[in-house]
Amino acid sequence: MTMTIMFAVLFYFAAGLFAVGLIYRITSYARIPAPLKIPTTPAPRTRFGVVMLMAREVFLFQSLFKASLWTWLFSAMFHAGLALVLLRHIRYFVNPVWAWVEFIQPFGIYAGFLMVAGLLGLWARRVLVDRVRYISTPSDHLMLALLIGIGVSGLIMKFITHTDIVAIKSFFMGLMSFSINPLPTDAMIYTHLSLIALLLIIFPFSKLLHAPGLFFSPSRNQVENSRDIRHISPWAAKLESGK
Amino acid sequence: MAIEIKAPPYRVFNIAPAIKPGAMENSKTFLANDKIQAGLGFPGQEVEDWHDRAIGKMGELLGKYRSLKVYMDACVHCGACSDKCHYFLGTGDPKNMPVARQDLMRSVYRRYFTLPGKIFPKLVGARDLTRDVLNEWYNYFHQCSECRRCSVFCPYGIDTAEITMAAREILDAAGYGQKYSNEIIGKVHVIGNNLGLPKAALIDTLEGLEEDVKEDTGLDIRFPLDVKGAEVLLITPSADFFAEPHIDSLIGYGKVFHSAGISWTLSSMASEAGNFGIFIGNYEQMRKVALRIRQAALELGVKRIVVGECGHAWRVAYSFWNTLIGVGDGANDPYAIELQKQLDHRYKQPMHICELTWDLAERKIITFDKEANDKHIITFHDSCNVARGSGMGDMYGGQFEIPRNIVKAVANHFHEMPDGTTHEQTFCCGGGGGLLTDDLLDIRVKGSLPRMEALQHVVDAHGVNFMACICAICKSQFTKVLPYYGFDRRLIGGVHQLVSNAIKLGDK
Ligand code: HEM
Ligand code: HEM
Ligand code: SF4
Ligand code: SF4
């Protein structure tokens with residue numbers, strides 16, 4: 001029961017920090033002006049064009065594809081795997097489980113392998129390519145280790161040790177309605193959950209901000225219409241009235 | 001100069017070189033003296049509180065530029081950009097990889113502006129801002145031509161040019177200005193152009209030019225200055241007034257206006273398209289330089305503003321003029337409307353000389369004798385600021401098509417350089433972004449390697465003997481570095497130089 005309470009506290013803390021941190025970051029990105037038109041040209045000439053470009057960046061990693069096929073391949077494996085795994089995990093948080101979440105369950109299982117394989121590929125690149133090794137900081141390696149740790153502990157539960165997922169679900173459903181239900185005593189689930197809490201905590205302070213960052217990147221999200229519409233930020237407009 | 005400057009050998013395979021740490025750590029461009037700094041309102045070299053000023057400036061910029069803030073946070077160190085910079089490809093110095101260049105600043109950002117960097121600096125690669133760090137910034141942020149090639153490949157569009165600009169602004173605030181750029185900006189403020197050419201000299205030059213052209217063509221082709229009520233105000237880089245091969249393009253513009261019967265003028269107050277304010281990343285300086293153009297346009301009462309062959313100038317004009325000085329369309333504030341009411345909005349404002357020429361050619365108002373260029377086997381070098389920082393025409397990628405269309409309309413022999421070295425992936429000439437100075441010749445020669453390899457390819461395959469471009473900096477840079485790679489320096493020239501050769505004059 002002490003473990004249950006510790007994890008309950010940990011998850012409230014981690015989820016709170018994650019939410020507040022991320023909202024803080026996103027509002028600060030939104031608040032800081034982009035005083036000049038700096039899309040990397042040629043860029044779309046309409047808002048709709050920009051939306052399509054963003055979609056290609058988010059779902060296809062278009063720019064990365066132009067840059068490096070290997071990185072693109074491993075990255076796509078990892079992110080697609082991650083996305084499926086996360087969608088599959090929705091079943092722990094809703095009752096009854098939505099039909100489409102049911103539907104993707106079988107794919108989700110293999111997605112775990114895909115995700116870990118992609119991460120290993122990215123790590124290999126980080127170690128083997130001299131340029132990427134040069135730019136890597138300890139935190140870059142640890143981030144990969146953390147995600148691999150999450151993936152592997154999940155896969156072990158799924159395929160080797162098995163765990164009481166009904167109890168886990170009731171623990172998390174309980175947290176969401178502010179009541180505490182017991183967590184199964186199981187080393188793997190403790191590992192999985194501790195690492196996830198850590199991931200949530202570091203998210204708003206780390207390079208994981210690339211996910212929201214992409215949407216705020218002026219070189220990608222601006223429409224190329226500088227000659228047709230005057231674009232001016234509040235601090236720049238002050239220069240004009242000042243003199 | 002103790003060491004002899006040599007071109008690096010071409011790469012056998014078209015892949016990134018192995019890293020050579022420290023290869024370019026001693027490349028240092030001359031510092032601006034206190035007088036130059038003072039001219040722009042920047043502190044001189046020996047400021048006591050450089051550290052606090054630098055960090056203060058960084059905080060200020062992080063609050064003013066979303067790009068800087070997002071780019072500092074978002075990079076995942078994926079390395080996609082690591083082999084995309086011509087300076088890295090030419091030198092192998094890992095700090096010339098775009099991401100490593102950003103990290104010079106990111107490490108300091110993390111230390112002073114993020115929680116993990118304050119608590120665990122080693123873990124996230126954060127470090128204090130020391131004199132050594134500032135020196136390192138100075139050296140490596142002057143080995144970036146702000147060409148934006150890296151931003152094409154980054155999955156988040158992180159543009160190292162933005163970071164270089166911010167770094168240079170911080171350096172300026174701490175008294176570490178670059179002599180070359182800051183001296184030139186000072187000249188524009190005082191005299192009106194980068195070269196410091198006063199009005200009298202300008203009149204002389206233009207009169208001489210009219211005589212030369214008369215001798216050549218037998219026609220009275222004018223190069224008017226300060227003509228009130230002219231239709232077009234031409235803003236062109238001051239190098240066009242006398243440097244080779246730039247002047248041949250100026251003659252080309254003159255012939256186009258003459259042949260189409262468009263009245264035009266140059267301005268002695270705004271006798272410069274170049275705007276080095278962009279290079280040092282300083283909004284106020286950039287605006288102040290551009291304001292001369294606004295003032296000239298208002299005083300001369302022109303209907304159209306056209307920009308000559310200059311890469312970064314076209315970026316400033318196309319992307320920033322509307323913001324900075326209201327040259328453009330779609331304003332609803334009194335400041336900008338004053339000028340926009342005067343301009344003729346049947347035409348794009350501002351307009352590139354290539355847009356003007358191509359439009360006239362399409363409507364058969366000007367015509368060409370293609371054979372006049374038969375001695376030239378031509379390729380086209382996309383200048384980085386035109387390719388990745390601006391546009392032309394109404395169509396996506398017009399900045400690639402329009403100049404090529406002109407070249408193909410005025411000449412018979414045209415060949416593209418290999419894929420991946422042109423259009424949006426073009427390689428910089430190696431001399432842009434405030435690097436076009438002799439004290440940086442070593443990095444300029446090395447940085448032109450990828451472009452020279454691509455050029456060699458079409459020289460071998462097709463016998464190319466003319467590389468056309470639309471940038472004054474490219475022209476000067478190539479004139480200088482081509483011989484290091486065994487080419488004739490006259491291999492580089494302007495698009496309007498070709499137009500000048502082929503355009504049919506005479507009375508129509
Ligand atoms: C909008 C959503 C997202 C997009 C578009 C996106 C895109 C990318 C891209 C293009 C890369 C660079 C290539 C690579 O190194 O893999 C990357 C790296 C990475 N992403 Fe994402 N990502 C997103 C969300 C996430 C999330 C939610 C996580 C984590 C929980 C994540 C974790 C990572 C990590 C750890 C790396 C670095 C991998 C390495 O070390 O090489 N991403 N992401
Ligand atoms: C609070 C959130 C989470 C809970 C309660 C949770 C719980 C679980 C459980 C109980 C399993 C075992 C599934 C089974 O035996 O059928 C599992 C598997 C897995 N988990 Fe999680 N997990 C969470 C978050 C995450 C996150 C954020 C990731 C990825 C970054 C992740 C990645 C995986 C993987 C790859 C598997 C194995 C494949 C699969 O069953 O889908 N989990 N998780
Ligand atoms: S902007 Fe150009 S010069 Fe600067 S780092 Fe990027 S590729 Fe290199
Ligand atoms: S491509 Fe972008 S995210 Fe990747 S290392 Fe370079 S700057 Fe960072």
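Five helices of chain A each supply at least two residues of the shell around ligand 2: α4 (69-89), α5 (99-128), α7 (138-161), α8 (165-176) and α9 (187-202). Which of these gives the most? That is α7(A), with 6 residues in the shell. Please keep in mind that this is a predicted model.

So who sits around the ligand? There are 24 residues around ligand 2, and the ones that come nearest are A:Arg88, A:His89, A:Tyr92, A:His192 and A:Ile196. Sorted by class, the shell has 15 nonpolar, 6 polar and 3 charged residues.

Now for the polar atoms, which I know some of you have been waiting for. A:His89 has a polar side-chain atom 2.7 Å from a nitrogen atom of ligand 2, and A:His192 has one 2.9 Å from a nitrogen atom of ligand 2.

Let's zoom out to the whole chain.

Chain A has 243 residues, and 49% of them count as buried. Among contacts with a separation of 6 or more, 73% come from residues 24 or more positions apart. Finally, the surface: chain A exposes about 11,900 Å², with carbon and sulfur atoms supplying 77% of that area. Thanks, everyone!

Note on methods
Residues are numbered from 1 along each chain as its sequence is written. Chains are lettered from A and ligands numbered from 1 in the order in which they are written. This is a predicted model: local features need pLDDT of at least 70, side-chain atom pairs count only at pLDDT 80 or more; totals for chains, interfaces and linings use all residues. Side-chain values use heavy atoms; hydrogens and water are left out. A residue is near a molecule or strand if one of its heavy atoms lies within 4 Å of it. A polar contact is a pair of N or O atoms within 3.5 Å; within protein, one must be able to donate a hydrogen and the other to accept it, and residues adjacent in sequence count only if both atoms are side-chain atoms. Helices (H or I, at least four residues) and strands (E, at least two) are DSSP runs, numbered from the N terminus. Ala, Val, Leu, Ile, Met, Phe, Trp, Tyr, Cys and Pro count as nonpolar, Asp, Glu, Lys and Arg as charged, and the others, Gly among them, as polar. Buried means under 20% relative accessible area, exposed over 50%, partly exposed in between (1.4 Å probe, protein chains only). Contact means heavy atoms within 4.5 Å. Accessible areas come from the Shrake-Rupley method with a 1.4 Å probe; for residues, only the protein chains shown count as cover.
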